[in-house]
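Here are my notes on the model, jotted down as I went through it. Have a look at the structure first, then see whether you read it as I do.

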Amino acid sequence: MKALDGVDFTLGEGEIHALLGENGAGKSTLIKVVTGVFARDAGTIRLAGREIAPRSAKDAVDAGIATVYQEVNLLPNLSVAQNLYLGRQPTRFGVVREGEMKRRARALLLDYGLDIDVGAPLSSYSVAVQHITAIARAVDLSARVLILDEPTASLDRHEVEILFNVMRKLADRGIGIVFVSHFLDQVYEICDRVTVLRNGRLIGSREIAELPRLDLIRMMLGRELAETTHERAASQPDTAREVCVSFKNYGKQGYIAPFDLELRRGEVVGLAGLLGSGRTETARLVFGAERADSGEATIDGKAIKLSSPRDGASLGFGYCPEERKTEGIVADLTVRENIVLALQARRGLHRPLSRREQDEIAMRYIRMLDIRPPDPERPIGLLSGGNQQKALLARWLATSPKLLVLDEPTRGIDVGAHAEIIRLVRELCEQGLALLVISSELDEIVTYSNRVVVLRDRAHVEELKGEAVEVSSILAAIAADTAPAQEAAS
Amino acid sequence: MKASTSVAITAVVLVAGFALCALQFPNIASTRVVANLLTDNAFLGIVAAGMTFVIISGGIDLSVGSVIGFTTVFTALAVERWGIPPFAAFALVLVLCALFGAAMGAVIHVFELPPFIVTLAGMFLARGVSFLLSTESIPITAPIYSAVSDFAIKLPGGGRLTAIAIAMLVILVLCALLLHLTRFGANVYALGGSRAATALMGIPVGPMTIRIYMLSSVLAGLAGIVFSFYTAAGYSLSAVGVELDTIAAVVIGGTLLTGGQGSVIGTFLGVLIQGMIQTYINFDGTLSSWWTKIATGVLLFVFIALQQGLMALARRSSLKPAGTRPVAAKPAGAPT
Amino acid sequence: MTLRIPRRGMAQALALIVILMIDRLVSPQFFNLHLQDGRLFGSVIDVLNRGTPVALLSLGMVLVIATGGIDLSVGAVMAIAGATAASLADTHSLPVVIASALAVGLACGLWNGILVAVLRIQPIVATLILMVAGRGIAQLITEGRIVTFTSPDLVWMGNGAVLGLPTPVVIALGMLLLTAAVVRGTALGLLIEATGGNARASELSGVGTRAMILSVYVWCGLCASLAGVIAAADIMGADANNAGLWLELDAILAVVIGGTSLFGGRFSLVLAVAGALIIQAMNTGILLSGYPPELNLLVKAVVVLAVLLAQSPRLGDLSRFTARWRRTK
C-alpha cells in the first residue's frame, strides 16, 4: 500500500495554501518527504526553480523550508529568548550576551505583534505564543517556505486571529505558507488555494474562492458516484431492538459537549464528522477510556459506573482504538496472546486460560476472521495493518461483548481487508451486537449504519435515521451552519 | 519561576536546619564548623557539580564514585611508585578520566542505550581497574601534599578555609558560569527538555552527550585528586557509594531527575544539607551515623514528592485537551 | 509447560557451558563431588550455593524489569531483612523469624510499588530512596553492630543440607518453582508482559496495570528479604553495612544476561536464574584460577557491555537493515 501516490503540489510565492485530508490521507507523509524526514522513491522537489533533495530536517531548513508542528518542537523548559536563539546566541568571550539576546528576541517578536517577557520559560506561555515563537525562529533562519502543521488545533479564537495576522504578514513578504488544518472556516478565512488528498492520492487543487464548502467536504470525504450504488443496511424500526446502553446528557468539559445516545442490540451507529469534530472523544467516553463529568449512563434504567477501561470491559464493552500501534497491539507478544488479552483481563488472575483454551480461542478467530499468516505464535508486530486490526477485533470478540466501539477500523489497511472488515461489522450486527463505528469514509458509514450521528466542533449536531442516512445528507449536516456564513463572505 | 522556587525551598531547609542545629548546639554556628564542613565535603561538591550537568541533560552517571577511587589509586601510584611529578600525574589522570567519560557518552549516544546501565558498566570497569592497580592503601608523601594541607586562609572565629575547600568553591563557580552563561549550558538544558526537539533545532546531540559525560568524569577525577589531598592516600575502595550521595545532593538541590531543570547553586546547597546532617550527628554524639542515611532518604523522598506534585500541577494546567484553554499570559500588545 | 526454556535460551545455555568448561580447564577438580556429613561438596555445588542470593534477587527483579521498571533497593532490603532475622533469631522460633523478615520485605516492596504505581514516580528515582535510606534502617535495627546469633534453626537455613544439597540452593529452587507457579500458573505472567510491552494498550484492554506494577515490586521485596535471611544465616550474623552490597547491580545484570529487555516486555524466570549462575560461575572461576578476585568487576563490565550491545535497538535496526538489504540484492 502506498502512503503517497504520484501527488503534485505547487506553492506560489506569498501564497497561503491549505493542505487538507483526513488522517492517513497522506498530508503528513507529503510534509515529511518535503522536509527530508522520509525518503521519496519518485518525483522531484523544486524551490525557486532549483531542484533540491533534502535528506534530513536540517537539510530542509538550510534549503529554506521550515516546519512548525502541532506539538511545538521547542523546549518548554528554556526561556523564549533561548528558544529563538538556541545554538546561535550572541556571545562575547564564550559568554552568552543575555541582555543582547533578550533585546533581539523582543524586537523579533514585536515584529509579530507579541509584546512579552522573553526571559520567562516558554512553558509559561499559551500554545499560540509558543507557535509564534516557533514560526519566528523558523523564519529568522531565512525560510522561504513555511509549513504549519495543524497550528490552530489548540488555539482559541483570539489566538487564531493573532496567528493569522502573522501569516498574512509573512505572505506579504513573499514567503509561501502551507497550512494544514481541519478547520474549514479557517481555511476559507486565510487561504488562497486548497489541495485535497485522500488515501495518498491527489483529489484536486482549487482556488478557494471558487470552491463551495459542500464541494470541498465532498472532495475530502465522499466518493464520486458512491451515493447511488451502495447497499443499504436493513432499516428496522428502532423500537424493535433492545436497548443495550443509553447515555443522557453525557459529556466532559473541554473534551466533548454533553450528548444523548442510545445504543441498541443489532444496530450499527455511525459517527461522522471531520477530523477533530469529537468522534474519537465520544467513543472514548462511551467505552470508559475517559471519565465523563456530566450526565449519566444507564443500562435498563440503572446507572452504571464507567470511569475506567476496566469498567467498560467488565460491562461487556469493547474498544478498538484508532492508534493501533500505540494503543492497540502489544507488538512483542504473539497473535494468540494479543487475542486472549482482554478476555484474560476480564476473567482475572486466578482463572487463567489454559494453553489449550488459548490455542482454541486464537485458532477459532484466526479462522473466522481469516488472519494471515494463520500462525498464532507469531509476534503481532510482524503482521500487516489489516491483520493486526482483525486480531484486535478478535481480542474483543473473544470476550463475547454486548457493545463494540470501533474507531476507524479500516484506516491504513489494504482494499481487500477493508471490504472484509466492513462485511464483519455487518455480520456482528446481525448476531445482535451493538456497534458504534467511526469512519472518515462516508460511503462506508452509509453502508453499515442504521443510524448516523453527525458531529461538528466537539458536539453532536444531528442524528440521521433510516432513509435519511445518505452521503449527501451527512455532508449537508457537516457543512450546515457555517455554509451561510461562507456565502455571506464570498 | 519554578526552578528558583525549588532552590529557594532547599535554601530554606538549609537555613532552618542550621538554625535548629545552632539552637541545640550553639557551637555549630562558628566559622570553624562551617569551614570544616566545606573541607569535609569538598570532593562531594566537585563531583556533584558534574552530576548536575548530567542529570539536567536527562542522564545519570553511576560511575563517579569508581572514577574517584581510580583517580586516588592512580595518582598515588604515579607519584609514589612511578616517580611522575604530581602535576604531570594530575594532568595524566584527568586525560584518562576525560577519555573514559567520552567513551561512555559515545556508547550512550551511538547505541541508544540507557545511561543508567552504560554508566553501571563504567562503574564496574573503573573500580575493577583500580583494584588491578592496587588493593592496598598507598600513603602519599610528596611535599606538595603536605604543603597543600598546611595551607589555609584563617577566618575570623578560628575557622580555616583549606585549599581543597577553596578549590571546590572555585570549581563550583566555574561550573555555575559554564551552566548558566554559555551556549554549552543552554544546550545541556535543551537536551533535558527534549532530545528530539534539540536535534531538530540543529544542536549536535551526539557531541553534546559525549562532552557532558566527559565533563562529569573529569570533575570526578578532580574530586578524586581533592580526595587524595584530603586523605593523603590512594585507595581503590575509596568513595564507594559516593554516586548515591551525589545524586541525593543534586536532587535535594532542586534538580529534576527527569532533566531540564536545576542549578549548580542548588546542588551546592544540597551538599551543604548533607554535610549539616553529618555535623549535627557528630555533635550530638548519641546518634549514630546511620541516621545520616535515613535523614537523606527522607529528604530525598520529600523533594521527589514535591517535584512530582509540582509536575502534576503543571500538567493539569497545560495538558488539558484542546478546547479548554490553559490560563496563560496573553500577549499584551497583540492586535485583536 | 510452565518452565519451558524458549529457543532464545540457547545463548545463555551455551554461555554457561563455555564458562563451566573454562572453569574445568582452570581447576581440574571443578566437577568433582564428594559427600560429607550428608551434604555434597564441590566447586559446582559452590557455584550454586554462592549464586543463591543473586538468583533469588533476580527472580523478583526480572518481573519488575518486565513491567519496564527497575528496583535499586533490593540490596538494602536484604540488609534490613537480614538484620530483622538476626536480631530475632535467638529469642523467637524459626517460623516467627522468617515471617517477620518476609513481612519487612513485603512492606519495603509495597512502599516501592506505591511510589511507582500510585504516585507514578520514575522507578529508578522511586527505588533510589529506599536504596539510600535502607541501610540506615538496617543499622537502626542492629544498632550499628554486627548482630550474631547461634540459633541452629536459622544457621541451618544458610549452612544445612536437604537431600545432600545445601539448604539455600533448595530454597532458591523452591522459590523458582513457586514464582513460576504464581506467574505462569495464573494469568499474571501474560498480564505483566502485556503491561511491560504496551501499558496503554493493556489498560485499554481492561488490564489493571497499576495492580500488576504494584504486585511485582511487592514480590521483588519478598524475594530480596528471603535472600537477606539466607545471607545472614550463612555468616550467622547481620552486617547492615555489607549485606547485599551492590547485589542489586548483579541482579539487574543477571536479568539482562537472561535476555529480558530493560525496556520491559517478555521475560524468562529460568533464564534470569541462569544469568545469576553465569555471573557466579565467572566469579568462582576467577577465584579458582588464582587471579585476583578484583578481576571480577572488569569481567562483569565487559559482560554488561557485550550484552548491552547485543540488545541495542540501534544494532537491531542494523541487522534488520542488512537482512533486508541482502534480500533485495
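Predicted model: local features only at pLDDT ≥ 70, side-chain atom pairs only at ≥ 80, totals over all residues.

1. Start with a helix pair in chain B. Helix 3 (residues 42-56) and helix 11 (residues 205-231) of chain B pack with their axes 8 Å apart, at an angle of about 175°. Helix 3 of chain B and helix 11 of chain B are therefore roughly antiparallel to each other. On the helix 3 side of chain B, the contacting residues include Phe43(B), Ile46(B), Val47(B), Met51(B) and Phe53(B). Helix 11 of chain B answers with residues including Ile212(B), Leu215(B), Leu219(B), Leu222(B), Val226(B) and Phe227(B). Sorted by class, this helix-helix contact has 18 nonpolar residues, two polar and no charged.

2. Now the C-B interface. Here 33 residues of chain C are in contact with 35 residues of chain B. Helix 5 (123-142), helix 13 (295-311) and helix 14 (313-328) of chain C each supply at least two residues of the side that touches chain B. Helix 5 of chain C gives the most, with twelve residues. That side of chain C divides into 24 nonpolar, five polar and four charged residues.

3. Next, the C-A interface: 21 residues of chain C are in contact with 25 residues of chain A. On the chain C side, the elements giving two or more residues are helix 8 (188-197) and helix 9 (199-204). Helix 8 of chain C has the largest share, six residues. By class, the side of chain C that touches chain A comes out as nine nonpolar, eight polar and four charged.

4. Is Ala224(C) buried or exposed? Ala224(C) has 35 C-beta neighbours inside 10 Å, so it counts as buried. Leaving aside neighbours within four places in sequence, Ala224(C) is in contact with Leu57(C), Gly60(C), Val74(C), Val77(C), Met78(C), Ala81(C) and Gly105(C). Pro53(C) is 171 residues from Ala224(C) in sequence, yet their C-alpha atoms are 8.1 Å apart.

5. Last, confidence in chain A. The chain averages a pLDDT of 84, and 92% of the residues score at least 70. Over residues 224-230 of chain A, though, pLDDT is below 50, and this stretch has eight contacts in the model beyond near neighbours in sequence. Residues 483-490 of chain A also stay under 50, with six contacts beyond four places in sequence.

Methods: Residues numbered from 1 in each chain as written. Chains lettered and ligands numbered in written order. Contact = placed C-beta atoms within 7 Å. Helix = DSSP H or I, 4+ residues; strand = E, 2+ residues; numbered from the N terminus. Nonpolar A, V, L, I, M, F, W, Y, C, P; charged D, E, K, R; others polar. Axes fitted to C-alpha atoms, helices over the stretch in contact; angles between N-to-C directions. Parallel < 35°, antiparallel > 145°, perpendicular 65-115°, else oblique. pLDDT = per-residue confidence, 0-100. Buried ≥ 20, exposed ≤ 12 C-beta atoms within 10 Å, placed from the backbone.
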